[in-house]
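This report describes selected packing and domain features of one model. The sequence and structure are shown first.

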Amino acid sequence: MKRARWIALGIALMMILAACTSDDGTDTTAADDGTATTEDVDLSQGADLTFHMVTHADDGVFWSVVKRGAEDAAAAMGVTLVWSPSFNDPEKQVQDIEAAIAAGTDGLAVSLASPEAVGPAAQAAADAGIPLYTINSGVLQYKGLGATTHVGQTEVVAGNGAGEFFNSLGATKVLCARQEQGNIGLEERCQGLEETFNGEVVSEFIGEDVDPTGQEATISSLLLADESIDGILGTGPNVAVRAVEACVTAGRTCSIGGFDISTDIINLIESGDIAFTVDQQQYLQGYLPIVLLFLEVTNLNTAGGGLPILTGPGFVTTANVGEVKALVDAGTR
Amino acid sequence: MSATESPPLENAALEEAAYGDERLAYRGPLLRLLTRPEIGALLGAAVIWVYFWLVSDVFGQAAGAANYLDVAATLGIMAVAVSLLMIGGEFDLSAGAMTGATGMLVILLVIPPGEFGGAGLSLWVAIPLTLAFALGVGWFNGTVVEKTGLLSFIVTLSTFFILIGAKLGFAKLFTAKVIVEGLDEGSGYDFWVKIFGAKWTRNDHIFDGRDTLFGFLMVIGFAAVFFGMLELSHTRRERFNATGLIVAAAGIAGALYGVWGLRHGFGFVVGASTDTVGSNWLYAAALALGVIVAAVGIGVWRFERVSDRGSFSLSGTSLRNIAIALGVILFGSFVAITLDSSSEDIVGFMLTVQGLRAIVFGFGAIVGVTLPVLVARKEGKRSPITKFVVMTGTSLVIVGLAFLIQSEATSRKFRAEVFAVLLLIALIFFVAGLMPLLFQGREAAHPAADRLGKMLAALGIGLFLGAVTIRLLYMTSEEAAATQAVFNYRISILWFIVFAVAASLVLMRTKFGNWTFAVGGNKKAAREVGVPAARTKTILFMTVSVAAFLVGMLLAFRLNSVQANVGNGQEFLYIIAAVVGGNLLSGGYGSAAGGALGALIMAMSFQGIPFAGWNSDWRFLFVGVILLLAVLVNNFVRKKAEEAE
């Protein structure tokens, strides 16, 4: 049982790692940060520019694609990228921003998941004359902070795109199935759907992702209770996957759409059970800021014209799922 | 049935010897049944079912049942195990995370070792290994709690965090994703999927005689319960009188003739569903008369004549209660007649005119019927004739309400099915008032009669359940042609039933069950009388882990993949279900059946809301209200039970 020994080793390593990080958590010196969580990706081709990307990333499926985009752009532009994920810890994000300013960064891209906490530090960078871009989250705050522009997706616009897609599919009444209650982002996706969709929209909370079979039962309850629903938009990838089985149970043919990308949803789009998924194209959220920073520093270009630059909605449909699948495996979608 | 926490009056000899002592007054099996911990949950489940049946078209049909049973099954397996642990005085907050952990582990053990890699084991090895892991976690929880004396709340909270961290960590480590998938790649999958992933597709099981069999079983079941109740509540003659048998046979024949005639009318009770109950009054009268004659016949055959009928009199309180009842009923009926039955206008928070009308009327009817029954019960001890008059009056009022509903209601359900059920209730009330007037009630235990009565009642309930099961499992070819929906019953429902029955038997019939109550009630005292407290608690923790293993397998074989966060936080639902089912948070009291019923209540509420077309934002408000009501009712019932003892 080599595997078992490996697992034991893994547990031991994790415990040691956990102990280390908790010890070092209060220490803000650059050297410690560097060894613990910050990764230097030195792909420079002789250029002397260094850009910092400080995000609330968790190194999950989503952010690994953003990181890949930033790395590819840095390589293409010949600049140095410092990627600092904060694992949803605003305090660490603030410390990383301050460390980047102190290190004399040439440009900064920041995700503003916690604008109250992280905003002031980002503003300090802009005030110090460092080119600043917000990415992923922060579309409402970027102007106030003095950022050149925001690179990301707005949920309402993404919902709008889904609404138009359902129009083209000929749906008449769409269930907007949310996997969280009181999450403003998900509500905005449904709101955006309602704005552009020609038919009727019912927006319902259908249970959380932690209870997948409950989600499936709730969707089929809703379908059985309302014969006129012929489309389902899941505000996450899992909900859309659950909707497929729920439609079979209810004996209906529904057009199903989802949000974001997962292996399951890609497979179901390939098999034709799901019509589309709305893709944020987060690769762009890593790639574009580096290009924009490069152009702003070297050529004084400011893109966007004061408006945010939207990376989505892009759609994965039966038409392009084959190519997208390959790209997902390659880590860029 | 009642050998758990209240065994004192089980012994008939003891009971008879002590007769005359007021504190040990005879408590019939009926009263003992009403003081079971899960009775509140049973009533609650019935009320919620009726409620959603009224407001939704689909909920009361097989489609609805397939839906909420699916949710109830996995929730219920956990709730039953958690109930046992709670009776034993402990909590397990890691139970929810464990369901996902076992599901993930089995997949990680099975998928082939690739770039990131699993262990590539056969399912024949992987499943026992996963079970061993689950047992280990349960053993760990129990041992730490016992050895350290720390609160299980804290210990299992740690296990909870360890599990969610490990789930995410290992998922990423082995598959670089937050989801592990590919269980069907394992060898032995074809066998194990039958154990954990099988399903019964209702559409594929056609049985055209279904409704006939259903009606037949329901009628026999009703007769068995009816006879059993008579046997339990009357004093036997020393020698049976055969003349009564002939009268009873005539009555039964008449009742059967009525049922036969009403077969199409009494859709709700006997099978097919149409709107013609009211027009078949001839058959309805035959049925009612038949039942009354049969009851009297059985009485003449088996029971002693009543010695003293008393004289008609009502105390001041009773008169006041009856006056209140009449007032409330008149007010409810007045509201029902005056308010516009089709108005959908909103009159207040979440309430339409129709809703207000239904609530005022329903409340009036329930209060107006309950109060006289309580009066009849109180006065009837002294004077059977008073009981008869009050019960007859009540049953006439119910008949009146039934006809009012039939003429006023807009929905077919009320006009046909609620109408029929109300008439049946009126008939039962009338018989319940009539019998004490003619035959001597029971004041002491009678082992033979008790045994027969209980057996008949259990047989009747079994027949009801069998009838409902057949109706749920099979489709008629007519239905199959008309429906597009596919109804799958997952094997999880079967596991749920098996698990709940097994847990109930262990709790109520074994030494281990007694130990569980003992360590939850007072651990120190339990230890002093020789109960192995530490071992009992550890086994209870392991039971919860095994339940989590079972749910994890059901999940993994159903979805073929498990995401790292699956199950996290669900432990609160398990605890809520256990509490709704009448289990005390402080331990020492409760039942496994209660936990199962609690899970059913939660599942029906969760699925009833979308069926009723309510906005899902109210979901948790509804859960909160149910939880509070359940705790209040259980508390009330328990106090009454303690007073009665």
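In which sense, right-handed or left-handed, does helix 5 of chain B cross helix 6 of chain B? In this predicted model, the crossing of these two helices is right-handed. Helix 5 of chain B spans residues 95–110 and helix 6 of chain B spans residues 123–148. Their axes lie 9 Å apart and form an angle of about 150°.

| Helix | Residues in the contact |
|---|---|
| Helix 5 of chain B | Met98(B), Thr102(B), Leu105(B), Val106(B), Leu109(B), Val110(B) |
| Helix 6 of chain B | Leu123(B), Ala126(B), Ile127(B), Leu129(B), Thr130(B), Phe133(B), Ala134(B), Val137(B) |

By class, this contact between helix 5 and helix 6 of chain B comprises 12 nonpolar and 2 polar residues, with no charged residues.

The largest nonpolar core of the model contains 167 residues, and Ile77(B), Met78(B) and Val82(B) are the members that touch the most others. Helix 4 of chain B (residues 62–87) provides the largest share of this core, with 20 residues. Another core, of 60 residues, lies apart from it and includes Ala224(B), Leu230(B), Ile385(B) and Ala426(B). Neighbours within four places in sequence aside, the contacts of Met78(B) are Ala95(B), Ala547(B), Ala548(B), Val551(B) and Tyr574(B).

Chain A is assigned two domains: domain 1 covers 28–153 + 281–302, and domain 2 covers 155–279. Taken over C-alpha atoms, the centres of domain 1 and domain 2 of chain A are 33 Å apart.

Note on methods:
Residues numbered from 1 in each chain as written. Chains lettered and ligands numbered in written order. Predicted model: local features only at pLDDT ≥ 70, side-chain atom pairs only at ≥ 80, totals over all residues. Core = buried A, V, L, I, M, F, W, Y, C linked by C-beta atoms within 7 Å. Buried ≥ 20, exposed ≤ 12 C-beta atoms within 10 Å, placed from the backbone. Helix = DSSP H or I, 4+ residues; strand = E, 2+ residues; numbered from the N terminus. Contact = placed C-beta atoms within 7 Å. Axes fitted to C-alpha atoms, helices over the stretch in contact; angles between N-to-C directions. Left-handed = near helix turned anticlockwise from the far one by under 90°. Nonpolar A, V, L, I, M, F, W, Y, C, P; charged D, E, K, R; others polar. Domains from an automatic or database assignment.
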